[in-house]
Amino acid sequence: MDWPLSVALAQSVPELPTGTDWSYEVKLDGHRMIMWRTSDGVRLQARSGRDVTAAWDDLALAGHHLPAGTVLDGEAVITTEDGRISFEAAQARAASSPTRAHRLAAQRPAHYIAFDALQLPSGDVRPRPYSERRAALLNLLAGLPANTPIQAVSATTDRDTALTWYTTLHHEHGVEGIVAKRATSPYRAGRTGGWQKIRHAETVDADVIGYTGPQTRPRTLAVRLPNGRTALTQTLSAPLAARIAQVLVAAGPAEQGRADTGETYTRVPSGLAVVEVLAGTTRHAVVTPLRLR
């Protein structure tokens, strides 16, 4: 299995699918992360393919308890004092320097909520059915120390239970939604694997095609929405701007572009980054950036 790995993604749907061959998992509001336990250490990969080990060194340390040759897919989350999952805290950690990230980890340790096993010491398990991968994941994590921050995501085969989670855990615990996966489905990159999701605040993923402001401190993003419209987002939050700046600086020099609404921006290569946004459907609708995917 080669680094970086392309992750499986879920398609947004208006309601959960029904049937006896579905499993439902809680969708947590954190940072997507692939955990690689190699023969000589642990590497952590963001959804974008970047190495984020330095920002999550507490999770990398915990990953040493896994057997070499293990690759997991999951979500890095941070909880507040009242037990609610805080995306803002995870975003601040991800945007931090190694020194600041280490300090934040001491204040609010992260947890890694695994929802899939992609590779075991025996080899690549992505072609195996989800039900087998889930069983292998639970068996693997059962052998870890009791106080490990690596845990399996909550899942059920009962749709009514999943809907109860959806309606009751959002405000109290910060659960973002529910992801449905067929028991027979293999793990496939992109949205070809049949995963489906419902979220409380429906959003879309947009391709980042540019930015305004300095490369090291972008003010807004130019994005291409799924319907083909290009637009500038609202002003980025400081943590989100810091995260995106890391990607922009690595991309190097760029040229000027123009959005459908006429504003100019500094262009970056398509496919460099994906950002999750709240976006209206009209030509001039406001586009609010939420997080870097």
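Reader: By class, how many nonpolar, polar and charged residues does the lining of the second largest cavity have?
Author: That lining has 6 nonpolar, 3 polar and 6 charged residues. Ala, Val, Leu, Ile, Met, Phe, Trp, Tyr, Cys and Pro count as nonpolar, Asp, Glu, Lys and Arg as charged, and the others, Gly among them, as polar. The model is predicted: local features need pLDDT of at least 70, side-chain atom pairs count only at pLDDT 80 or more, and totals for chains, interfaces and linings use all residues. Residues are numbered from 1 along each chain as its sequence is written, and side-chain values use heavy atoms, leaving out hydrogens and water.

Reader: What counts as a cavity?
Author: On a 1 Å grid over the protein atoms alone, it is a set of points where a 1.4 Å probe fits but cannot get out; lining residues have an atom within 4 Å of a point. Points are joined across faces, edges and corners, and the volume is the space filled by probe spheres set on them.

Reader: How many cavities of 30 Å³ or more?
Author: The count is 2. Of the 15 residues lining the second largest cavity, His31, Arg32, Ala46, Arg243 and Leu292 are closest to its centre.

Reader: Which residues lie nearest the centre of the largest cavity?
Author: Lys27, Arg32, Glu75, Phe115 and Val179, out of 21 lining residues. By class, this lining has 10 nonpolar, no polar and 11 charged residues.

Reader: Which strand gives the most to that lining?
Author: Strand 2, with 4 residues. Strands are DSSP runs of E, at least two residues, and helices are runs of H or I, at least four, numbered from the N terminus.

Reader: Switching to salt bridges. How many does the structure hold?
Author: It holds 12, each a side-chain nitrogen of Lys or Arg within 4 Å of a carboxyl oxygen of Asp or Glu.

Reader: What does Lys27 pair with?
Author: Glu176, with the closest N and O atoms 2.8 Å apart. Lys27 is in strand 2 (residues 22-28) and Glu176 in strand 10 (residues 175-182), 149 residues apart.

Reader: Is Lys27 buried or exposed?
Author: Buried, at a relative accessible area of 12%. The cut-off for buried is under 20% (1.4 Å probe, protein chains only). Glu176 is buried too, at 10%.

Reader: And Arg32, what does that meet?
Author: Asp73, in a salt bridge of 2.7 Å, N to O. Asp73 is in strand 5 (residues 70-77) and Arg32 in strand 3 (residues 31-38). Both are buried.

Methods. Buried < 20%, exposed > 50% of the residue type's maximum accessible area, 1.4 Å probe, protein only. 1 Å grid on protein atoms, 1.4 Å probe; cavity = no way out; pocket = protein on both sides within 12 Å on 5 of 7 lines; lining within 4 Å.
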